[in-house]
Amino acid sequence: MREAIAESLRARGHSSPNPPVGAVIVDDAGQLVGRGHTQPVGGPHAEVMALRDAGDRARGATAVVTLEPCDHTGRTGPCTRALLAAGVTRVVYAVDDPNPGAGGGATTLRGAGVQVEAGLLDDDVSRGPLREWLFRQRMGRPHVTAKIAATLDGRIAAPDGTSQWITGSEARKRVHVDRGELDAIVVGTGTVLRDDPTLTARLPDGTLRDHQPVRVVLGDRPIPPGARILGPDAPTVIVPGHDPAAVLRALDDALHVQVEGGPTILGAFFAAGLVDRVQVYLAPTILGAGAAAVDDRSVQTLTDAHRFVRSGVEILGDDVLLTLTSTP
């Protein structure tokens, strides 16, 4: 199952709006003979990719999948049918499919004589690679992460406006890895006018990653035609106003959206209750003055504060990455 989870991570960002699923095929001798993950929309699901990789060795084998195999025909045929046709005799999966239109795969497989086991490492999968997809199934909107890079005193820029670079190279590398798994990045027009960012996901050598998130600019100020965010490296969507809900409506197929600033846009998402996770890159630096990371005027007293639960702490060079979630 951990091999299947590793495969599912390769689908994050690429498979949306389908879930990023991973699958492996294990023969009678316990050898892994096939692996695969969900392809972009319209392409094969994880089980089909793993079965293709295994070929004839799938007959009599076990399929290990992060999500219950689907039992419906959409852009592709049912994965249950593919598993049965390949001669798989046992299926182990982590998480039940909550979608009533696609679920029921376990029942179909058992009815055909396949041994089915559910729930293996379900917590690892539901809190990991399937977190955002499962969130969308429950809530009907994308999962939203607020990303902040700040000094220890919560500043994102010096009084003169300089902000590059608050964090070090290791933190910046991690940001680009995470961007490559997102569906969209949101910034305000202020950030675009001040920093002229590209908001792309890049490899350490500066080349573009295979997957690029949609770049969303929120605000009313006009963007210069030559702004780098309007370049051809990734699609860009302009959303007038400062309504976070309008952004999420404009991204109707997205699973994971990241808000990268500036303070007004981040504040709007916090005030609207639309932040599900916070990633704070903290640099070992004190500025003492300058722009704060979040501007949320809805908070007037400590009891109004937005509180989160710590879910991770990582050391990235001299910086610290805190990951916080709205629920445990």
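This is a predicted model: local features need pLDDT of at least 70, side-chain atom pairs count only at pLDDT 80 or more; totals for chains, interfaces and linings use all residues.
How do the residues of the lining of the second largest pocket divide into nonpolar, polar and charged? They split into six nonpolar, nine polar and nine charged. Local features need pLDDT of at least 70, side-chain atom pairs count only at pLDDT 80 or more, totals for chains, interfaces and linings use all residues, and side-chain values use heavy atoms, leaving out hydrogens and water.

**View 1. The largest pocket holds about 960 Å³ of space.** A pocket here is an open set of points on a 1 Å grid over the protein atoms alone, where a 1.4 Å probe fits, with protein on both sides within 12 Å along at least five of seven lines; lining residues have an atom within 4 Å of a point. The volume is the space filled by probe spheres set on the points, which are joined across faces, edges and corners. Of its 38 lining residues, K147, Q164, W165, R179 and E260 sit closest to the centre.

**View 2. α7 (169–179) gives the most to that lining, with eight residues.** Helices (H or I, at least four residues) and strands (E, at least two) are DSSP runs, numbered from the N terminus. Other elements supplying at least two residues each include β6 (143–150) and α10 (263–271).

**View 3. The second largest pocket has about 500 Å³ of space.** Its lining counts 24 residues, with R12, R127, R174, R277 and T323 closest to the centre. Elements giving two or more include α6 (131–139) and β15 (319–325), while β14 brings the largest share, four residues.

Terms used: Residues are numbered from 1 along each chain as its sequence is written. Ala, Val, Leu, Ile, Met, Phe, Trp, Tyr, Cys and Pro count as nonpolar, Asp, Glu, Lys and Arg as charged, and the others, Gly among them, as polar.
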